[in-house]
Amino acid sequence: MTFRLSLPALSKFALCLYKQCRHFSPVIGKVAHIVDMKLDSIQDIRILSVLMISISDVISQSFRDRLLHKAGQLLEEKDEVHFNYAKRILQFLQNVKLGYHPLLEKCNKIFLRSASRLDIHSISLIFGLYEQLGFDNAEFRLVAKQLLSETIDDYYDPETFAKLFFTLGPMAGSKERERLLVTAMHMAEEFSSHQILVILKTMQKMKCRNSHLLKKMASILHKHLDSYHVLQLVKLTQYLVVLRCQNLELFAKLKMLLFGFLKSSVIPADTAAIIRVLAMLPSFQVEEIIMNKAAAVLPQCRLHHLNCIATALVKWNHYDQLHWQNSSERCVKLLQKLNDCGFQRLQKANNLNLLLEELTHVNGEWFEEVLNEETMGMCQRLIDQITWANVLQLSFFLIKTNHRCSSLLDRIASVTVENIDKIHPFEIYFILFLFSALNYDPPANEEFFEYCIQHLTSNLSGFETHHLVLLGHVLAVAGYFPPVLITTIFNVSFLSKLDAQLEVLPDTLKQRVRLRLMKLNRAVCLECPEFHIPWFHEHYCQRVFHNCSSRINPLRQHVHRMLTEILGASHYARISVLTPYYYEIDFECILDENKKPLPYMAQNIPMDDVEGIRLRHDIKVEGRKALPPGAQRIALEFLDSKAFSKDSRHLKGEPAVKKRHLEMLGYRVVQIPHFEWNSMVLSTKGEQLEYLRRHLYGIQ
C-alpha cells in the first residue's frame, strides 16, 4: 500500500506511525526504502522534513548524508521557508545525534528571518535543540532576549514560565533575573516534576545559588521524587549538589531511591551514572552493593562509563584512607580490575570513528594517568583511518589531552590540506587551534596554514563576531595576521556589534573572548605596527590586574633570596613586574654593559610573611626609564607543567608568544622549565645558585 501513496500522503502516514512510537516497525522500514528511491524527486521541504524525522531511526549513515544534502539544497533554493520546517530539520539532527554545521546555520537564518512569528514554545524548543546539538548563535540569542524581555510579564502558567526561565534566565540582565527568580518562587508549588528539573538545571547554568528559591524547590521535591525515572533522578541529584543544597533529608531520600534503581539496573550506562552521582552526595561512604554492582558491570562498560565509575572509586578510596575505613583495599582491587577492562577495550578497538566517539566524554585524572598513553598508541595504530570526516573529533581529543604526537598531527595536517573544501570553516578553526596551542609545525607548515587561512578568509561572513576574535587570536599565536581578518575585527562597527552580542553569551565564554581580544590587540600592536591599530585595552588590563593581586609564593620568595645573593642586594631584582602591554613576569633585573646589576628603588619586602604579601610592580605607575648604553633588561620566568605539552619538553604556543613579545619589548628572556629546576641535578642550594647565575649572565 505504501508504494501507491503520493509523497504528501506518505509523509502524513509516516508521521502518524512516528507519533505512535513505531520508530522501528517494518512499515517504517518500507517508508524509508521508498524515500531512498524517490529522494531526487522530492522538491517540497515540508514533505522532506516530515519524512526525515519519521525514518530517522532506521537509516544508514550514507542515506543520512544524502538526506542532509537534499535538505540543504531545498533550504537554499526556497526564498521563504516556514520556521516549522527548519525546526523539524533540527529534530532530525537531534535524532541522528549529529551537529551538522552547514544545515544548522541555514536553519538559524530561517529562525532569524521569522523572529517576529516565534513564540516562547518555539524559542525554548530551538534553544533546547541547539544545546543538545552543541550549536549556539549570539544573534539569535539577542533576538530571543529582546522578544522575551518585552513579554516577561505575560507568562502566568507554570509550563510557559518554565520555558521562559530556561530560555531567558542564562542571558538575563540583573533586573530581569531578579523578576524571574521572584516569579519562580511564587509559582514553585505549581511546578510539575519535569518543570522543577528545568528550573534547577537553568539555575545551575546561571550559577544562581539563590538560597530561598533552592530551599523552596527542595521542600516541594519530596512529593515528586517517586515520579522520576533513573536518569532524571541522576540529573536532579547532580543539580542539587552543584547548587550546594543543604537539605540532608532530601539527599537521604535520593540516596535510597538511587540504591533501589542500582539494585535493579541492568544497563551499564545507567549503573555507571548512578555510581558516579552517589559519590557526589555529601559524606557518602561506599557500600558493598556498589562494589558488587560495579564489579559485575565493568566488562560491559564503554570507556566513558569506566571513567564515571573510576572517578567515584578514587573519591571513595581517598575518603576511606582519610577516615581509616576498611573498604580501601577493596576499592584498590576494583580499580585494578577497572584499569584492566579499560586496557582490554582499547586493545580490541579496530575502528577509529567508534573509538573517537567513546573518547568524546572521557576526561579526568583516571584517564590521564591510566589510559592516555595506551589510547595515543591505539590512535597511531589506526592512523590510516584518519579522514576529513573524523579529523575534527581527533583534533578535539588531542586538544583535551594536550598531547603532542607528531605522527598524528602530521596526518591531520595532510588530510586537512587534501580535503580543505570538504571541511567546514568552523571546523578548520579547531584544527588550527590544536596546532597553535601546541606550537607544532607540520612538515609543510607554510602550505598548511596558507590553505587553511585562504579557506577561512573566503568564508568570514559565516563566522559570528566572537568566533572571529577567537580565530584571530589562534592565528596570532601561530604568527599569522591575515589583513582581511585584522581589519575586519579592529573596526568600530564590528567592535560595537561584538559588545552587544557578548551581553547574551555565557559568562565564561564572554570573559574568554574579551581576554583573547586584548591578547590579539597586543600582538597586532607589537608584531604588525603597519596596521596602525591603537592599543585600547589599558583600562581593561588595569581592572583585571586590580582584581587579582599577585602573591609572592614560596618559590618566588626562595628565588628572590638567591637573586639577592647573586646580585648583591635585594633592590637589584624586582618581583612580579608588569611590562608595557601588561605581561606579568616573575622577576626583572637590569645588567649594565659590564654585567653589573643596576639598582631599583628599595622595595622593603617583609620576606617572612609569605601568605600576607601581595605585590606587583606596575610599569605604568613606576615609569619605565631609558636604559644606559649597553645595559640589558632581563626577564626571569619560571615555567610550570602547564607551559608544556604532556610528556614533552616542547613549549606550548602561549608561553612561546610571551617570550617573542618580551624580546620585542627589549628583554633578554630567561625561561626556567620546571623539569630542570626540580631535577636531581639541582637538588642543592649551591647547584641552584650556580644554575641561576649562568642563566642570568648568559654563561654557556
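Asp-441, Glu-446, Glu-447 and Glu-450 together form a negative surface patch. Such patches consist of residues with over 30% relative accessible area and no salt bridge, in which like charges are joined within 9 Å; Asp and Glu count as negative, and the place of the charge is taken as CG of Asp or CD of Glu. A salt bridge, in turn, is a side-chain nitrogen of Lys or Arg within 4 Å of a carboxyl oxygen of Asp or Glu. This is a predicted model, in which local features need pLDDT of at least 70 and side-chain atom pairs count only at pLDDT 80 or more, while totals for chains, interfaces and linings use all residues. Residues are numbered from 1 along each chain as its sequence is written, and side-chain values use heavy atoms, with hydrogens and water left out.

Glu-450 counts as partly exposed because its relative accessibility is 48%, where buried means under 20%, exposed over 50% and partly exposed in between, with a 1.4 Å probe and protein chains only.

The cysteines present another aspect. A disulfide requires a pair of cysteine sulfur atoms within 2.5 Å, and by this rule the count is zero. Cys-331 is in no disulfide, the nearest cysteine sulfur being that of Cys-341, 16 Å away. Cys-452 is likewise in no disulfide, and its nearest cysteine sulfur, that of Cys-405, is 19 Å away. Cys-331 is buried, at 0% relative accessible area, and Cys-452 counts as buried at 0% relative accessibility.

Elsewhere, His-33 is placed in helix α2 (residues 26-38) and is partly exposed at 41% relative accessibility. The C-alpha atoms of His-33 and Ile-59 are separated by 9.1 Å, with the two residues 26 apart along the chain.

Technical notes:
Patch = residues over 30% accessible without salt bridge, like charges linked within 9 Å, V, L, I, M, F, W, Y side chains within 5 Å. Areas by Shrake-Rupley, 256 points an atom, 1.4 Å probe, with all protein chains shown as cover. Helix = DSSP H or I, 4+ residues; strand = E, 2+ residues; numbered from the N terminus.
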